[in-house]
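The model is shown first.

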2 protein chains.
Amino acid sequence: MVLPRAARTQRRTRIQEEKEEQILEAALDVFATHGFRGSTIDQIADVAGMSKPNLLYYFRTKEAMHRALIDRVLDSWLDPLREFDAEGNPVTEICSYIRRKLEMARDFPRESRLFANEILQGAPHIEDELKGPLKALVDEKAEVIRAWAKAGKIAKCDPYHLIFAIWSTTQHYADFDVQVRDVLGEERSGEGRFEDAARFLEQLFVKGLEIKNGGD
Amino acid sequence: MVLPRAARTQRRTRIQEEKEEQILEAALDVFATHGFRGSTIDQIADVAGMSKPNLLYYFRTKEAMHRALIDRVLDSWLDPLREFDAEGNPVTEICSYIRRKLEMARDFPRESRLFANEILQGAPHIEDELKGPLKALVDEKAEVIRAWAKAGKIAKCDPYHLIFAIWSTTQHYADFDVQVRDVLGEERSGEGRFEDAARFLEQLFVKGLEIKNGGD
DNA sequence: TGATAATTTGACCGGTTGGTAAAACATTAC
DNA sequence: GTAATGTTTTACCAACCGGTCAAATTATCA
């Protein structure tokens, strides 16, 4: 048989899993740094340490690689937001959401950049996911936040823009890492910058959403 | 003479200024959406409405176009931060900085995306500018913020991460525009989203940096 | 073992890429 | 006008792109 893997129904060999893993790992590297159009199969093959036709044996097109990556990463990328708990203490929930998002920016920067590239360039491959599952999840969590505000547990605010603010401030440390490190200078560019960022952002959001004495 | 414009010392004709303008305008469109490597000269030529060799008569390489764009845009991009005034009222200064950055995200999204693409992809063409002029400017303004905190005018906080937070939250509306609009849904995707964002961000930063009664 | 299926590779293809050469065309200066 | 200069285009090139093919190699298993 010469049918490439994608045409088969079931995963067979151990070697297939390994190679696909190896390819996606390399593809993540390349797509995250150059975007879809700026990346080449040869580059990915190089990083993966295999020949181009060999890559195309496991993924029939460049798009198939990209899609496989997106599918695999999108889900886990939204996990922190899913954990947002309506029953929890608002301040605790928001703080731990920020912390988790910052940890992901620190530990999985390539995944963040993969999405950033995609969205920056108009989300040509994932607009359905944005309009569908992502919007649905955000709508749900926005309702939670609105309820907290209504119950007087946090200040009244636009929940959507609150979520955008948390996304942007945290992902900034992955997507704009070069700039962050250049501006902080070498002596402050160690891993400690994530701790500093966490401290600052928690202060900002907690105080920013606090209920004033006698106010709303 | 067949020397392209770049080789000459002085600008001569009116037509040169016009064409260069036209090319950079088109290049901004293309580079902002696809990044440097993902953009092609043919594409830019198409958008500019001229032939590829004609483009290359004014800019000898694709890189020359990109560099010309970066140089032209970087300066104006930093203007809002330069206006940050040590003598002004901290709350006013920060609010108007946020508002100006949001206006730029609304009115010049392509410029924002041009930089975002560049930095996302490791800033291969502008790292010197980041480490030099940008860092210097941020260092200076960070000192201003630190002084405000020391004087008890705003809460103590890491000034660098404050600046990052303002950058990321405001530029988010240009760089991640597709996502913002997809999540907000069609009915909330009008220009009003910038007003909503401004209101939210001012509240967040003003309250977040407020001095508590009796606290720091 | 050997037969069979799975994997890998080198050679290749048509289309696109950044860029060039030279001649045609337009503009300006006298 | 016309000569010199400035601008634009057509035709082209070598390198690279995504992807195919068939043959070679390796793993699996009776």
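In chain B, H5(B) passes H8(B) in a right-handed crossing; a crossing is right-handed if the near helix is turned clockwise from the far one by less than a right angle, and left-handed if anticlockwise. Helices (H or I, at least four residues) and strands (E, at least two) are DSSP runs, numbered from the N terminus. The model is predicted, so local features need pLDDT of at least 70 and side-chain atom pairs count only at pLDDT 80 or more, while totals for chains, interfaces and linings use all residues. Residues are numbered from 1 along each chain as its sequence is written, chains are lettered from A and ligands numbered from 1 in the order in which they are written, and side-chain values use heavy atoms, with hydrogens and water left out.

Two helix pairs are listed below. Axes are lines fitted to C-alpha atoms, for helices over the stretch in contact, and angles run from 0 to 180 degrees between N-to-C directions.

| Helix pair | Angle | Axes |
|---|---|---|
| H5 (residues 90–107) and H8 (residues 159–175) of chain B | roughly 25 degrees | within 8 Å |
| H4 (residues 62–83) and H7 (residues 127–150) of chain A | about 5 degrees | 11 Å apart |

The angle in the chain A pair makes H4(A) roughly parallel to H7(A), a label for angles under 35 degrees. On H4(A), the contact (heavy atoms within 4.5 Å) includes Arg67(A), Asp71(A) and Leu74(A), and on H7(A) it includes Glu129(A), Leu134(A) and Lys141(A). By class, this contact has six nonpolar, no polar and five charged residues. Here Ala, Val, Leu, Ile, Met, Phe, Trp, Tyr, Cys and Pro count as nonpolar, Asp, Glu, Lys and Arg as charged, and the others, Gly among them, as polar.

In chain B, residues of H5(B) including Ile94(B), Tyr97(B) and Lys101(B) meet residues of H8(B), among them Ile166(B), Trp167(B) and Thr170(B). That contact divides into nine nonpolar, two polar and one charged.

Chain A as a whole has 10 helices and zero strands, and its C-alpha trace spans about 75 × 45 × 30 Å along the principal axes.

Between the chains, 61 residues from chain B and 61 residues from chain A take part in the contact. The two chains bury about 5300 Å², 63% of it on carbon and sulfur atoms; buried area is the accessible area (1.4 Å probe) that two parts lose on being put together, summed over both. In chain B, Leu120(B), His161(B) and Val183(B) lose the most area to chain A, together 14% of what that side buries.

Terms used:
Parallel < 35°, antiparallel > 145°, perpendicular 65-115°, else oblique.
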